[in-house]
Structure formats: structure tokens, C-alpha cells
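Subject: Structure handover and notes

Dear colleague,

I am handing over the structure below, and my notes on what was found in it follow directly after. Please read the two side by side.

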Amino acid sequence: MKVLLRNPRREQDVTGPKSVNALLDALELPREAHLVIRNGTLVPGDAALADDDVVEIRPVISGGC
Amino acid sequence: MVASASKCRVCKEPAIIDLPRHNANFCAEHFLELCRRQVVKAIEKFDMLSKDDNILVAVSGGKDSLAVWDILVDLGYQADGLYIGLGIGDYSDVSGEYAKSFASERGLNLITIDLRAEYGYDIPTAAKATRRVPCSACGTSKRHLFDKAALDGGYTVLVTGHNLDDEAAVLFGNTLRWDVEYLSRQLPVLPARNGFPKKVKPLIRLTEREMAAWCIVRGIDYLVDECPMAVGNKHLAYKAALNAIEQQSSGAKASFYLNFLDNMAPLLAGRSAAATDELGTCTSCGAPTTSDLCAFCRTAEKARAHEPVPVELVLSRGRRRR
Ligand code: SF4
Ligand SMILES: [Zn+2]
Ligand SMILES: [Zn+2]
């Protein structure tokens with residue numbers, strides 16, 4: 001599946017199927033600091049992502065202010 | 001394709017988000033309801049706002065400030081926004097666009113101030129001129145301008161979008177230093193006092209992840225990219241540490257901060273020297289201060305005397321130093 005990552009904006013190919021939590025763990029991204037959006041919709045940690053899904057992993061942590 | 005297994009705790013429809021600290025999953029509708037309930041709970045418990053208040057929201061174009069503005073309007077409060085153009089390169093240009101479109105799409109009133117145009121300096125230049133970290137010069141500028149706009153505009157209360165993660169991170173830093181002065185002032189409501197408006201933080205019961213989700217579900221476009229000047233600051237390191245603990249122990253952040261408010265803050269009440277200090281007035285702008293010139297006027301004076309510094313220059317200097 002195509003995975004869009006932010007800060008900086010980049011794309012990575014990851015083989016599916018994989019659950020949302022497994023994807024975050026594989027990329028070593030803390031669950032509490034990210035949301036996952038599949039084909040435009042928010043999905044929970046146990047959602048299964050297929051190989052043909054377009055996935056955005058959105059960081060939710062912001063800095064100093 | 002296998003559908004998501006998790007169901008909404010309330011209606012059993014497919015969930016869009018898992019909230020381990022509530023040990024539950026929620027559909028869009030019931031997630032929004034939970035967020036509203038948490039905000040109402042904070043407002044009522046700490047006597048933050050009333051429907052008669054004339055509210056000014058400090059808006060940055062990021063998720064938290066747009067979410068708190070959206071939630072307050074949704075709950076029936078009367079709230080305008082204030083955006084300050086800080087002159088932090090593209091980041092400021094883009095964040096201003098998000099703030100303006102949010103307001104115009106909803107017919108809300110957004111006041112804007114441009115630091116460079118109206119005060120003759122910007123944050124990168126102020127950081128360089130005062131030899132302080134950018135967030136420090138930035139905080140001084142924003143606090144002063146938000147206070148001033150709230151008082152000048154006849155607003156009864158100033159709202160900021162600080163969330164549970166922000167407050168827990170500040171608490172973590174204050175605790176690591178056992179800074180009793182700061183700990184005693186770390187409250188979600190600061191009452192109005194001479195020259196300062198009442199300030200409140202309605203999002204203290206909601207995490208950053210929940211606020212980003214609020215924006216996504218509500219279709220609010222916000223600036224996802226981080227302020228370039230935040231890179232490497234301690235605040236981010238504290239948040240990462242707390243999130244590592246949260247992953248092992250769901251709800252740890254909420255109990256760290258909310259139990260501080262319940263159990264520790266009362267013991268520290270009255271310990272703040274700053275709250276009882278006699279304040280004079282700034283000889284230049286009239287704001288309350290302990291010295292001749294207030295911190296804002298001192299920063300502005302130094303920054304105006306300095307040639308403009310592009311954001312990239314301040315960044316590369318910061319990176320080399322680390
Ligand atoms: S991260 Fe720092 S410099 Fe950037 S807007 Fe926030 S306080 Fe200002
Ligand atoms: Zn539901
Ligand atoms: Zn002044």
C-alpha cells in the first residue's frame with residue numbers, strides 16, 4: 001500500500017494486508033502520536049489495511065505553543 | 001478486504017477511532033459527543049465560561065485553536081478569533097490562510113495582527129536580536145498582543161487551545177525542576193487582574209490525537225506541518241516521553257495532569273509570588289510589568305533595531321548548536 005507520511009512529507013510503500021497498529025509499530029511510530037486515514041476516512045487501530053489502500057499517517061504532536 | 005472489527009461503544013456501528021484511555025472505540029458521531037462532553041466538563045468544573053461571555057480565541061491555524069473555536073461555537077458560545085502573523089517564513093503565510101478560510105467559511109469574525117507590518121519586527125529577527133530561543137521571544141510577543149487585543153476589544157475572556165498533552169508536558173518540565181513558582185501558577189483558569197484578561201483552557205481534558213481527530217471528522221483543514229522553529233525544543237521531548245509512558249499505561253497522561261489539578265494544585269495555592277507582586281506600568285505601552293519597560297517592549301525594541309533575519313538563518317544556527 002502507498003503510505004503518505006508528514007513532517008517532512010514523503011511516501012513509502014508497505015506490503016499489506018496489515019492492521020493499523022501493526023503498520024504504526026512496523027514504522028516505529030507511537031500510536032498516541034499519530035492518526036491513520038484510509039482513503040480519506042479515519043480508521044481505528046484494529047482496522048485491516050489492504051495492499052491497494054491509500055493511507056495517510058498523520059502526526060498529531062505540535063511544538064512549543 | 002477485512003472490515004474493521006471494532007464497534008462504537010455507544011451505537012455498535014463501525015468505529016473510526018480507538019481511545020485506549022477510555023478503553024473504548026467510537027463512531028464519528030459519538031466521538032464528537034465525547035469531545036463536547038469533555039469540554040463542557042472542564043468549563044463547568046473550573047468555571048471557565050458563561051454564555052454571556054464575549055470570548056476571544058487565540059488562533060494559530062493549527063488543529064487545537066481551530067478545534068476549540070469550532071467546539072465553543074458549536075456549544076453556543078459567542079467567540080471571535082485573533083490571528084497573529086509572526087513572520088516565520090512560509091509557516092506563517094500558510095497558517096494565516098488556514099485561519100482565514102476557517103473563519104470565512106463559517107461566517108466567524110477573525111481579527112488579524114501582522115507583527116512586521118504593525119510592530120516593525122518578526123519572530124526570527126526577535127530571536128536573533130534577543131539571543132533567546134525563538135519560542136521564548138514568540139511567547140512574549142503573543143501573550144502581550146493577545147492580552148492587549150482582549151482588553152482593547154472589550155472581550156471578557158481569552159481562550160487558548162492548550163490541550164491535555166500541552167499541559168502534561170509543561171507539568172512534566174516544571175516537576176523535573178520542582179519549580180514551585182511555575183507549578184503554583186499552572187492552572188487552567190487565570191482570573192482577570194489589573195491589566196490582564198481572564199484566560200482559560202477548555203481543551204485540558206482532551207489529547208492532541210483527539211483534537212486532530214476532531215478536525216478530521218469535522219472537515220476542518222488545518223496546518224499539519226510543524227512550526228520550523230519548534231524543532232528540537234524540550235516541550236516536544238517531554239511529549240514524546242509522556243507518550244511512551246502512555247503506550248505502556250493508558251490514561252497515564254490524564255491522571256498525571258488532572259490529578260495534579262485535583263490533589264496538588266490546592267496545596268500550592270497562594271504560593272505564587274508573581275500573583276501577589278505589585279505591578280507597575282510599562283513606560284512605553286502601559287502594560288503591567290515589574291520593570292520600567294515590559295518584556296514585550298524590550299523584545300520589540302531590540303528586534304526593531306536589528307536588520308531583518310530570514311527564518312532559515314535562525315534555524316541553521318539552532319541546528320548547529322544542538
Ligand atoms: S513553535 Fe515556538 S516559534 Fe513556533 S509559533 Fe510556537 S512558540 Fe512561536
Ligand atoms: Zn456510535
Ligand atoms: Zn510595554
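The count comes to 1 cavity of 30 Å³ or more, where a cavity is a set of points, on a 1 Å grid over the protein atoms alone, at which a 1.4 Å probe fits but cannot get out. The largest cavity has a volume of about 70 Å³, a volume being the space filled by probe spheres set on the points, with grid points joined across faces, edges and corners. Two or more lining residues come from each of α1 (20-26) and β4 (34-38) of chain A; helices (H or I, at least four residues) and strands (E, at least two) are DSSP runs numbered from the N terminus. By class, the lining of the largest cavity holds 6 nonpolar, 3 polar and 3 charged residues, with Ala, Val, Leu, Ile, Met, Phe, Trp, Tyr, Cys and Pro counted as nonpolar, Asp, Glu, Lys and Arg as charged, and the others, Gly among them, as polar.

Before going on, please note that this is a predicted model, in which local features need pLDDT of at least 70 and side-chain atom pairs count only at pLDDT 80 or more, while totals for chains, interfaces and linings use all residues. Residues are numbered from 1 along each chain as its sequence is written, chains are lettered from A and ligands numbered from 1 in the order in which they are written, and side-chain values use heavy atoms, with hydrogens and water left out.

The second largest pocket (an open set with protein on both sides within 12 Å along at least five of seven lines) contains about 530 Å³ of space. Its lining consists of 20 residues, and those nearest its centre are Asn7(A), His34(A), Pro59(A), Ile61(A) and Glu226(B). At least two lining residues are supplied by each of β7 (54-59) of chain A and α10 (234-248) of chain B, and α10(B) gives the most, with 5 residues. The lining of this pocket divides into 12 nonpolar, 4 polar and 4 charged residues.

Ligand 1 lies between chains A and B. It is surrounded by 10 residues (a heavy atom within 4 Å of it), and the closest are Cys65(A), Cys135(B), Cys138(B), Cys227(B) and Ala230(B). The shell around ligand 1 divides into 8 nonpolar, 1 polar and 1 charged.

Some backbone details also deserve a look. Most residues other than glycine have a negative phi, and most peptide bonds are trans. The peptide bond from Asn7(A) to Pro8(A), however, is cis, with omega near -5°, and Pro8(A) lies in the loop between β1 (2-5) and β2 (10-13) of chain A. A cis peptide bond also joins Gly16(A) and Pro17(A), with omega about -10°. In chain B, Lys12(B) is not a glycine, yet has a positive phi of about 65°.

With best regards

Note on methods
On a 1 Å grid over the protein atoms alone, a cavity is a set of points where a 1.4 Å probe fits but cannot get out, and a pocket is an open set with protein on both sides within 12 Å along at least five of seven lines; lining residues have an atom within 4 Å of a point.
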